[in-house]
Amino acid sequence: MARYASAPLTRLEDPDGTSLLRYQVLGPVRLFRGDVPLSIGGPRQQRVLAALLMEANHVVPLSRLIDTAWQDSPSTARSQIQTSISRLRRVLSGADGHGPIATQGSDYLLRVQPEQLDSKVFQDLVASAHASEAKGFHDRAVADLRAALALWRGPALAGMQDSGILESWAGSLEEARLAAREACLRFEVRRGRHAEIVSELMEAAESHPLREGFQGLLMQALYLSQRQAEALAVYRQTRQRLIEQLGVEPGSRLRRLEAEILAGDTTSWGPADRAGGVQRDIRSASDRGTVPQLLPNRLPDFVGRTRQLQRIVHQLVPSEGHENGSPPMVVLHGRGGVGKSALALHVAHAVREHFPDGQLYADMQGMSLQPMAPARLLWNFLRALSVEAGDIPEDLDGRVRLFQSLLEHRRMLVVIDDLPPDVEPLGLLTPGPGSAVILNCRSRLPAAPGMVMEEVKALDSEEAVEFLGRIAGASRVAAEWQAAHVIAQLCDRLPLALRIVGSRLATRPDWRLEEMVRRLGNEPSRLGELIHGGLAVRTSLAMAYRCLTPEAQRLMRRLAALEIPTFGSWAADGVLRRSGIDADVPLGELRDAHLIEAVDTDGTEEPQFRFHDLVRVFAREVSQIEESEEEIARSKRDLIETYLALARKAHRAEYGGDYTLLHGQGGQREPRILPASLLRAPLQWMDKERTNLMWASREAALAGADEVSWDLAVVMVTLFETLGYYDEWHITHTEALSAVRKAGNRRGEAALLSSLGALHIFRHDLAGAEALLRQALAVFEELGEEHGRALALRNMAYLQRLAGDMEMARGTYREALAGCRAAGDLAAEAHILINMAQLDRADGQQLQAATKLDQALKISLSIKAQRVAAQGLFRRGEVFLQNGEFEQADRLFARAMEIVRDRGDFVGEAHVLYGLGVSALRQARLEEAAVLLGTGLVMAESAGTKALSGQMLTALGEVHAARGEHESAALRLREAAALFDRIGVDVDSDVHSGDRAGPSSPAMPSHPRELTR
């Protein structure tokens, strides 16, 4: 970092000239190209440039630029900002006409290298100085700080005090300047140059009379220069000034300095912490014998978490459970900004009375660029326990042993905020059995004895709204309750984000909450809205991102850029496959850092994850900067092809092979490790991955990968028809149909038309189904695609059955059967045999029907096509039921039930319940029949299978009639008759859907109206 002090910024070189640009904000806003100053333009353009520099390399919402440029924006604000941007582009453009300002929708982003912006150079030099000081390189630290301070040319953003947003940034920069100057002077004192800098310290103390840091350093420098009386006079004058102007006494550190000077004891003037002199909470030798009470005050606006708070308190309060064993260590982990620190302090104050020997507290700033070192932490704690500075061991192990020995027989509470990810707490903090430890960190820690892990999650909706109200005003939030709930969701119910929004609303009483909803609703600029004062969600996320390995960063960027709804290890593998990386490792890293959250997986062993909304927005921002369009497109293609390979495998597991459908010629990419649940329960796996499979089909269609798109759409029908996802069936096929027609892909078009024809059958739109099937058949015949033609004929034959043309249906089924046999499609062959058996039953040819069903069962069981086997078992059971062989019928129905329930076949289960209910009815087990049919009716109505619902109602009408409940029976039967009329089929027809339902029992009337008579 110190290179900035010696390397002139004007020597940057770049062929297009844009990197020669230098931006100055540490003083009046200035712009240079090399050494040549450039005219920025009028005040508005200066403010717009400053706003872009304030969030350099991040998207700045147009609304934020408007707020920066005007206090009360005119109606033409949008167009004026666009004009200002155009003018700035002309000023900033390089020799090739390209410039650093990029457009993101209606928002803007200014690309800036760190060396180009003086405030960034200042920050890097200050960070370098603190790093050098921590390593003992005092001279280098002072040189870096002097170089950083030399960058200032006056007050930050001078002349822009009329913009509240810029004024806030300027205030932050000025505070950083003062902190750097204080650190520089402190390091000078540490180098032994106290005499040389006394005059400089006097000037600083006089310029900032209420800043106790300067006053304290001046006292130290004077005392070390043998000027004790003057040092004490500085204290008296400062105390009088604070009392007169602020009504407060000096802080503990200044009071302690006075006491130490009076006592002539400066042993506590040891190494200072990185942020500001001697740790303010450290007790001096004069405080020996006192109880350390270092807890900061709890936040007054703490909300909710009642059960978690009670659970943690129970873990911490001393009891027989841990007084004679290991002390409890409660680890609060969770994403940044979720409220871990607030919860830790709230818990600590709730239990402090149980730890009479004191409470130790430290913020290790684990996610910062310069976290507190463990040795520094223990130095602070040992000094708080009245250990003389000269008695503290130099090595870390020695400090650990001393700390443990001091706490061995004490009852103390130790609270560590923001533990760095590379620090092992058990090796560092093991107090005595009467003590307890609370620590928080962003990452999950490895489980260990005595360690209690508590994940801190986002607030629930009601808590989030209450929290917003405590900051923005309860009455204001209550007046716009719905808008407040929307804000809570847009903020991920994250306390940090809600605090920022609440603070912004509190400073803008003229804003309605709806205005903030509008601002946050623009996703690309949402993080730009979540900034206020020194708080920023983007900063919190950037800290977490910076701590990731490069592989985890790459996975995070690419998954967010792909906008996939959820993802598991196989999806991560599909994204990183070309990198040769084991995707489970970076995926686990993202999970442990709480950047992704687990989605409910119903107990399956392959968890699914998704991004928190704000994390996803941040990751997309980073992706736009660090990933090329080619890399994202390649990752998307790899992932889509991975989903196609897995969906095909699930279909094969369900049907015993590539049966009952056509495939496209698109590429496939199998993951290195297959999901175990895919092979064990393929239908459940497809259901869990439904939104992702639909995403893959849609993205393939949009990318012009028509073969992949239609293949995926058709494969998913296995899921759609089984669980009644008719809308999803229609959506995927419509999207894929558009892609294949655009590409002139006739085979894919015919396959989709045939499948859509089946969908119309399920929806009882028989005319629409026939039209689609005829179109598909025409294309298949034109292409000579016999397998596709046979599958379409199978559905056409079913339509002919419904129309009552049994002979034509029989002939069409025979033609379809021959085509499927020629194609080797065993599952389709078995399915056609089942349907042909229904025709035999309708003709009273029970023996022929049984023979065909036995053939179908033999085929389906041989290829392990459980889906088709369940249909065969059900139909064979109906033959036994029709013959009055109830025991055999119930046995086959029970076998079919095992299969459909194991597969999660919701609709299939409803049909088997119908069969079992009719069997119970025929055997006069009326109570059992009522329960089975009633349950089946609920399932059928839920799945939208209207024909089956009509059959259930008809059978329930018979149950009521058998009980003598004639009014109930008539009501049920009228409902059934109306339903059958509405869908245009007769109960004597095989009114079930083409793949699975059972026909009405032959012992039942042909239509419910016959019973109502």
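Two strands pair if DSSP finds at least two bridges between them. Helices (H or I, at least four residues) and strands (E, at least two) are DSSP runs, numbered from the N terminus. With these terms, an open sheet of 5 strands can be traced in the order S7-S8-S9-S6-S10, with parallel pairing. Strand S7 (359-363) and S10 stand at the edges. Each has a single partner strand, so one side of each is left without a neighbour in the sheet. From one strand to the next, the twist averages 15°. Axes here are lines fitted to C-alpha atoms, for helices over the stretch in contact, and angles run from 0 to 180 degrees between N-to-C directions.

The model is predicted: local features need pLDDT of at least 70, side-chain atom pairs count only at pLDDT 80 or more, and totals for chains, interfaces and linings use all residues. Residues are numbered from 1 along each chain as its sequence is written, and side-chain values use heavy atoms, with hydrogens and water left out.

The chain holds 48 helices and 14 strands. Of its 1013 residues, 57% count as buried. Buried means under 20% relative accessible area, exposed over 50%, and partly exposed in between (1.4 Å probe, protein chains only). Contact means heavy atoms within 4.5 Å. Among contacts between residues at least 6 apart in sequence, 68% join residues at least 24 apart.

Return to the parallel sheet and follow strand S6 (residues 329-333). S6 is joined to strand S9 (residues 436-441) by 5 bridges, and the two run parallel. His333 stands opposite Cys441 in S9. Another 5 bridges join S6 to strand S10 (residues 451-455), again in parallel. There, Met329 has Met451 as its bridge partner. S6 is mostly covered, with 5 of its 5 residues buried. Both faces are covered. Met329, Val331 and His333 lie on one side, Val330 and Leu332 on the other.

At the S7 end, 5 bridges join S7 to strand S8 (residues 413-417), and these strands run parallel. Gln359 stands opposite Leu413 in S8.

Helix H12 (residues 306-316) lies across S6, S9 and S10. H12 runs at about 170° to S10. Next comes a residue of another helix, His346, which sits in helix H14 (residues 340-351). His346 is in contact with Arg298, Phe302 and Leu309, leaving aside its neighbours within four places in sequence. Its relative accessible area is 16%, so His346 is buried.

A second sheet has 3 strands. This open sheet has the order S1-S2-S3, and its pairing is antiparallel. Strand S1 (21-24) and strand S3 (36-37) stand at the edges, each with a single partner strand, so one side of each is left without a neighbour in the sheet. S1 and strand S2 (residues 30-33) pair over 4 bridges in the antiparallel sense. Within that pairing, Gln24 has Arg30 in S2 as its bridge partner. Helix H4 (residues 77-92) packs on the sheet and touches S1 and S2. The direction of H4 makes about 35° with that of S2.

On a 1 Å grid over the protein atoms alone, a cavity is a set of points where a 1.4 Å probe fits but cannot get out; lining residues have an atom within 4 Å of a point. Grid points are joined across faces, edges and corners, and a volume is the space filled by probe spheres set on the points. By this rule there are 9 cavities of 30 Å³ or more. The largest cavity holds about 410 Å³ of space.

The lining of the largest cavity has 29 residues. Thr660, Leu661, Val717, Arg794 and Asn795 lie nearest its centre. Helices H29 (629-655), H34 (717-723), H36 (746-762), H38 (786-802), H40 (826-842) and H42 (866-882) each supply at least two lining residues. H36 gives the most, with 6 residues. The lining divides into 15 nonpolar, 10 polar and 4 charged residues. In this count Ala, Val, Leu, Ile, Met, Phe, Trp, Tyr, Cys and Pro are nonpolar, Asp, Glu, Lys and Arg are charged, and the others, Gly among them, are polar.

The last stop is a loop residue. Thr945 lies between helix H45 (926-943) and helix H46 (946-962). Thr945 touches Tyr726, Val907 and Ala940, not counting residues up to four places away in sequence. Its relative accessibility is 8%, so Thr945 counts as buried.

Key. On a 1 Å grid over the protein atoms alone, a cavity is a set of points where a 1.4 Å probe fits but cannot get out, and a pocket is an open set with protein on both sides within 12 Å along at least five of seven lines; lining residues have an atom within 4 Å of a point.
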